[in-house]
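Have the structure open while you read.

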Amino acid sequence: MWDERAEHEIDAAIDRVARELTEGASDANIKARVLARVEAAASPEKTRYFGWTAPVAVAVLLLLAFAVWRRADVAPAPTVTTPPQQTARATSEPNADHGAVNPPTPEESARTPRTSRTPRTPRTLRPPSVVATLAPPPLTVDPLGVEPMEAMRSIQLSEMTVPAIDIPPLPSDK
Amino acid sequence: VSDADLVARARLGDAAAFGELVDRHRAAVYRAARAALASHADAEDAVQEAFLVAYQRLASFRGEASFKTWLLTIAFHQAINRRRTVNRWWRRIAEIGSDQQMEDIPSAHPASSPEQQAVDDELRRHVAAEIRALKPKLRDALLLAQAGEYTYEEIGAMLGAPLGTIKWRVSEARRLVKERLKRRGYVHVG
């Protein structure tokens, strides 16, 4: 067993050693060094203030580049214009392949929600896409040299005379 | 001039006011750092870092606790971060250095005779070794409590633990040190 004296001495030793372990003093120049570091940290304040703008600027540039690339990629391809006659015929004479519209099955109706048809807004003009710039130059075809035809003489038709047809009366029924 | 006044002036960019705060609290900050770090040089670096961080965060100081408590909390966290680094890379060297350092500390209570001096020195070495062998949570609480600079509330703020927990840690640390000394044969001290 620990006697009281031993207990007291051990307690005193623990107190003393624990205090000694944290004893000491910081350097007398600590204040000067801290203030120097504070000054040094404060001097590049402008750099730090504007420092954050660099990554933001890079991000904005990347977004702009992406947007331009995206718009160029989505630009409409050169459209093929169809003669108006064909269009008219296509609308007036639906053929068997494309024109025959079967009513949707119940499954299809369930899959595709019906949306009200709203007129599309006209597309705005866009700059030519990269693909368009890569297209070959348009072909130039010289006009064909066809001489004008002579004026046609009008066809003179003699007047037709139709003799009267005499129809005998029908015999009366008896 | 109160700490609050100096803080207000320092916030406005008055470096001299902050310098006055450094002068007032550097001893307490150093001991807090030293409680976590065995090396004097590491404690010095932690003190500098703590004051610099405190200056940079002055705007966030709301006065809910005293400036000293707030500063000590920053300092102890800086010291703990440094200790983690030290432990990771220099554990062996730090232990060897700290043992040598303990032997270099002159006794605060010189013994009356050379024999008593030798006994005391041996006891001090063993006590120091047992304190260092404690788990960090217990050791930090004991060293901060015995430093004589801080209230239990300040220690609680530094360690991020309630008052009751701090008191228990200090008591448990003492009990463990005594128990281990007993195993070393210190039954009949003196």
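Start with one ion pair: Arg124(B) makes a salt bridge with Glu20(A), and the closest N and O atoms sit 3.4 Å apart. Keep in mind that this is a predicted model, so every value here is computed from it.

**Where the chains meet**

How many salt bridges are there between chain A and chain B? The count is seven.

Which elements of chain A give two or more residues to the side that touches chain B? They are α1 (4-21) and α2 (30-42) of chain A. Of these, α1(A) supplies the largest share, 15 residues. Sorted by class, the side of chain A that touches chain B has 16 nonpolar, three polar and 14 charged residues.

Counting contacts from both sides, 33 residues of chain A touch 45 residues of chain B. Together, chain A and chain B bury about 3,700 Å² between them, and 61% of that is on carbon and sulfur atoms.

**Helix packing in chain B**

Now to α8(B), which covers residues 163-183. Two helix pairs that include α8(B) are set out here.

| Helix pair | Angle | Axis distance |
|---|---|---|
| α7(B) (residues 152-159) and α8(B) | about 95° | 9 Å |
| α6(B) (residues 136-147) and α8(B) | about 100° | 8 Å |

On the α7(B) side, the contact is made by Tyr152(B), Glu153(B), Ile155(B), Gly156(B) and Leu159(B). Facing them from α8(B) are Leu163(B), Ile166(B), Lys167(B), Arg169(B) and Val170(B). The residues of this α7(B)–α8(B) contact divide into six nonpolar, one polar and three charged.

By the angle rule, α6(B) and α8(B) are roughly perpendicular to each other too. Here α6(B) brings Lys137(B), Leu138(B), Ala141(B), Leu142(B), Ala145(B) and Gln146(B). They meet a set of α8(B) residues that includes Trp168(B), Glu172(B), Ala173(B), Arg174(B) and Leu176(B). By class, the residues of the contact of α6(B) with α8(B) are nine nonpolar, one polar and four charged.

Key:
Residues are numbered from 1 along each chain as its sequence is written. Chains are lettered from A and ligands numbered from 1 in the order in which they are written. This is a predicted model: local features need pLDDT of at least 70, side-chain atom pairs count only at pLDDT 80 or more; totals for chains, interfaces and linings use all residues. Side-chain values use heavy atoms; hydrogens and water are left out. Axes are lines fitted to C-alpha atoms, for helices over the stretch in contact, and angles run from 0 to 180 degrees between N-to-C directions. Helices (H or I, at least four residues) and strands (E, at least two) are DSSP runs, numbered from the N terminus. Contact means heavy atoms within 4.5 Å. Ala, Val, Leu, Ile, Met, Phe, Trp, Tyr, Cys and Pro count as nonpolar, Asp, Glu, Lys and Arg as charged, and the others, Gly among them, as polar. Buried area is the accessible area (1.4 Å probe) that two parts lose on being put together, summed over both. A salt bridge is a side-chain nitrogen of Lys or Arg within 4 Å of a carboxyl oxygen of Asp or Glu. Angles under 35 degrees count as roughly parallel, over 145 as roughly antiparallel, 65 to 115 as roughly perpendicular and the rest as oblique.
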